[in-house]
Amino acid sequence: SCNWKKLLKKFWTLVKNDSSSFPPPKLFPFSSNVDINKKTVVISPSTTWITKFWTKENWSKVIAHLQSDFNIIITGSKADIKYVDDILASVENKNIVNITGKTNILQLKILFENADVVITPDSGSAHLAAAVVKPIVITLCGSTSSIRNGAYGINNINLSADLSCQPCYKKSCKYSEGTSVCMMSISPDAVVEKVFECLKYE
């Protein structure tokens, strides 16, 4: 759509600008919770349509699997604070830096520039991270097309369940209340496997 094209143009214009004069997020690049000897995975779990959301339980499982091997940084807007708090409630907080609601778009750009992997549903974060180029972006695609709406770039990965009803571009799922069937069909194990594969961990 026209808005989608304008958003991408805005992101590409942003990343061309020198961000060295902008202050980085207070907890990044390094804080007491970040191990400089480990790779960094940024998770931006929120999005817009309900049919593009993954379940909180699945995000919790991914974080629990990854936090021993990687620095985990969670980001989002101020409106996402409760959502992220719910995700982290069932996770033992070891190597997790939660800066949800603490970054503007320029600081988010700097964060992505320092990340190794970014995991997100189809969202503005996916396209900003792809525009930055440096991190590998793993996008979880549900009601929208993994080809048209996934993160651009040859190294990026757009995960989809490839159900016969995808992509529907609907804001509600006729087969499920709340999170769509196609998003629920993407397993936490599949996401974790892709992270280790991308970063060549055994």
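What pLDDT does the protein chain average, and what share of the residues score at least 70? The chain averages a pLDDT of 80, and 78% of the residues score at least 70. Here pLDDT is the predictor's confidence in each residue, from 0 to 100. The model is predicted: local features need pLDDT of at least 70, side-chain atom pairs count only at pLDDT 80 or more, and totals for chains, interfaces and linings use all residues. Residues are numbered from 1 along each chain as its sequence is written, and side-chain values use heavy atoms, without hydrogens and water.

Confidence is lowest in helix H1 (residues 2-16), with a mean of 53. Helix H2 (residues 56-66) scores highest, at 95. Helices (H or I, at least four residues) and strands (E, at least two) are DSSP runs, numbered from the N terminus.

Six strands form an open sheet in the order E3-E2-E1-E4-E5-E6, with parallel pairing. Two strands pair if DSSP finds at least two bridges between them. Strands E3 (96-98) and E6 (157-160) are the edges, and each pairs on one side only. Strands E4 (residues 117-121) and E5 (residues 136-141) pair in the parallel sense over five bridges. Ile-119 stands opposite Ile-138 in E5. Helix H3 (residues 81-88) packs on the sheet and touches strand E2 (71-74) and E3; contact means heavy atoms within 4.5 Å. The direction of H3 makes about 160° with that of E3. Axes are lines fitted to C-alpha atoms, for helices over the stretch in contact, and angles run from 0 to 180 degrees between N-to-C directions.
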